[in-house]
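Here is a short report for a reader meeting this structure for the first time. Please look over the sequence and the model before reading on.

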Amino acid sequence: MPEAPIFRDEPVSFVRRSGRMSDAQERAFAEIAPRMMIDVPRSIASTSVHPDARLDVTAAWQREAPLIVEVGTGQGHAIVAAATARPSENFLAVEVFRAGLARTMLDAERGGAENLRLIEANAPEVLGTFLPEASAREVWVFFPDPWHKVRHNKRRMVRDGFGATAGAAIEDGGLLRLATDWEDYALQMRDVLDRAPEFERAFDGEWADRFDGRVMTAFERKGINKGREIRDLVYRRTPRA
């Protein structure tokens, strides 16, 4: 019987850094996490997902509703705003940085976003295996780490193979929405997804219009202030055979 692997096969799109948690962040994990965070069976790393684990979506939200997933939610501004504005839908935040998860939970509690759940895990593993096939109405990838140095490009989340990973989670006709303020990453995203048989363009011209469901965050405004153009993309999941 082969030995279990001790390292991931693929590079991840993040480098995890630890720091002291504030009292508010500690409270978020102690008091809010038990009802908002989804427990994830682990594999070979603290942010991994066991390949045999599957999320019971209905049980996690205690209802059936369209599921919107944002990967790399950061401080959670976009998904908390969306969840608060759209209470009839279920929202899932996927993030690995605990300070961001804490901030998201605190803001969600303050805004009364009872329809939001969070997962502390590597996003491709969540999309590729943990979420049931075709369970998400939409997946959002807003301003992922660009890893702009050439030697680090291999860490980018949206690279060859991402179409199959995201496509596993999205229902037929569902949408994959992306945005970045780095031109070369935007071009890479478009090239990767144009080649992916799981998706077809849901926009005309070079780029999609700005998604009006995405609130303007300090992160996006910072990119604009530095003179970087924001580029949106949106792709539709093609029908499964």
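A residue counts as buried under 20% relative accessible area, as exposed over 50%, and as partly exposed in between. Glycine 213 has a relative accessible area of 22%, so glycine 213 is partly exposed. The model is a predicted one.

## The chain as a whole

The protein chain holds 8 helices and 7 strands. It has 241 residues, and 50% of them are buried. Its accessible surface is about 12300 Å². Carbon and sulfur atoms supply 50% of that surface.

Take the contacts with a separation of 6 or more: 78% of them link residues 24 or more positions apart.

## Helix H1 against helix H4

Helix H1 covers residues 23-36. Helix H4 covers residues 98-111. The axes of H1 and H4 come within 9 Å and cross at roughly 70 degrees. An angle of 65 to 115 degrees counts as roughly perpendicular, so H1 is roughly perpendicular to H4. The crossing is left-handed.

Which residues make the contact of H1 with H4? From H1 come Ala24, Gln25, Arg27, Ala28, Phe29, Ile32, Ala33, Arg35 and Met36. From H4 come Arg98, Ala99, Leu101, Ala102, Met105, Leu106, Ala108 and Glu109. By class, this contact has 12 nonpolar, 1 polar and 4 charged residues.

## Helix H5 against helix H6

Helix H5 spans residues 123-130, and helix H6 spans residues 162-169. Their axes come within 7 Å and cross at roughly 55 degrees. That angle makes H5 oblique to H6. This crossing, too, is left-handed.

H5 brings Pro124, Leu127 and Gly128 to the contact. H6 brings Phe162, Thr165, Ala166, Ala168 and Ala169. The residues divide into 6 nonpolar, 2 polar and no charged.

## Helix H3 and its cover

Helix H3 runs over residues 77-85. Ala78, Ile79, Val80, Ala82 and Ala83 of H3 are buried. What covers these buried residues? The cover includes strands E1 (67-71) and E2 (90-95), helix H4, and strands E3 and E4.

Glycine 213 and isoleucine 79 are 134 residues apart in sequence. Their C-alpha atoms are 9.6 Å apart in space. Glycine 213 sits in the loop between strand E6 (199-201) and helix H8.

## Isoleucine 119 in strand E3

Isoleucine 119 belongs to strand E3, residues 116-120. Is isoleucine 119 buried or exposed? Its relative accessible area is 0%, so isoleucine 119 is buried.

Its contacts, leaving aside neighbours within four places in sequence, are Ile38, Val40, Leu92, Ala93, Val94, Glu95, Leu101, Val126 and Phe130. Glutamate 95 lies 24 residues away along the chain. The C-alpha atoms of isoleucine 119 and glutamate 95 are separated by 6.5 Å.

## Two residues with positive phi

Alanine 134 is not a glycine, yet its phi is positive, at about 60 degrees. Alanine 134 lies in the loop between H5 and strand E4 (136-142). With a relative accessible area of 28%, alanine 134 is partly exposed.

Phenylalanine 143 is another residue other than glycine with a positive phi, near 55 degrees. Where is phenylalanine 143 found? Phenylalanine 143 is in the loop between E4 and H6. Its relative accessible area is 13%, so phenylalanine 143 is buried.

## Glutamate 220 in helix H8

Glutamate 220 is part of helix H8, residues 218-225. Glutamate 220 has a relative accessible area of 2% and is therefore buried.

Which residues does glutamate 220 touch, not counting those up to four places away in sequence? Glutamate 220 touches Phe143, Arg210, Arg214, Val215 and Ile230. One of these, Phe143, is the residue with a positive phi near 55 degrees.

Methods: Residues are numbered from 1 along each chain as its sequence is written. This is a predicted model: local features need pLDDT of at least 70, side-chain atom pairs count only at pLDDT 80 or more; totals for chains, interfaces and linings use all residues. Side-chain values use heavy atoms; hydrogens and water are left out. Axes are lines fitted to C-alpha atoms, for helices over the stretch in contact, and angles run from 0 to 180 degrees between N-to-C directions. Helices (H or I, at least four residues) and strands (E, at least two) are DSSP runs, numbered from the N terminus. Angles under 35 degrees count as roughly parallel, over 145 as roughly antiparallel, 65 to 115 as roughly perpendicular and the rest as oblique. A crossing is left-handed if the near helix is turned anticlockwise from the far one by less than a right angle, and right-handed if clockwise. Contact means heavy atoms within 4.5 Å. Ala, Val, Leu, Ile, Met, Phe, Trp, Tyr, Cys and Pro count as nonpolar, Asp, Glu, Lys and Arg as charged, and the others, Gly among them, as polar. Buried means under 20% relative accessible area, exposed over 50%, partly exposed in between (1.4 Å probe, protein chains only). Accessible areas come from the Shrake-Rupley method with a 1.4 Å probe; for residues, only the protein chains shown count as cover.
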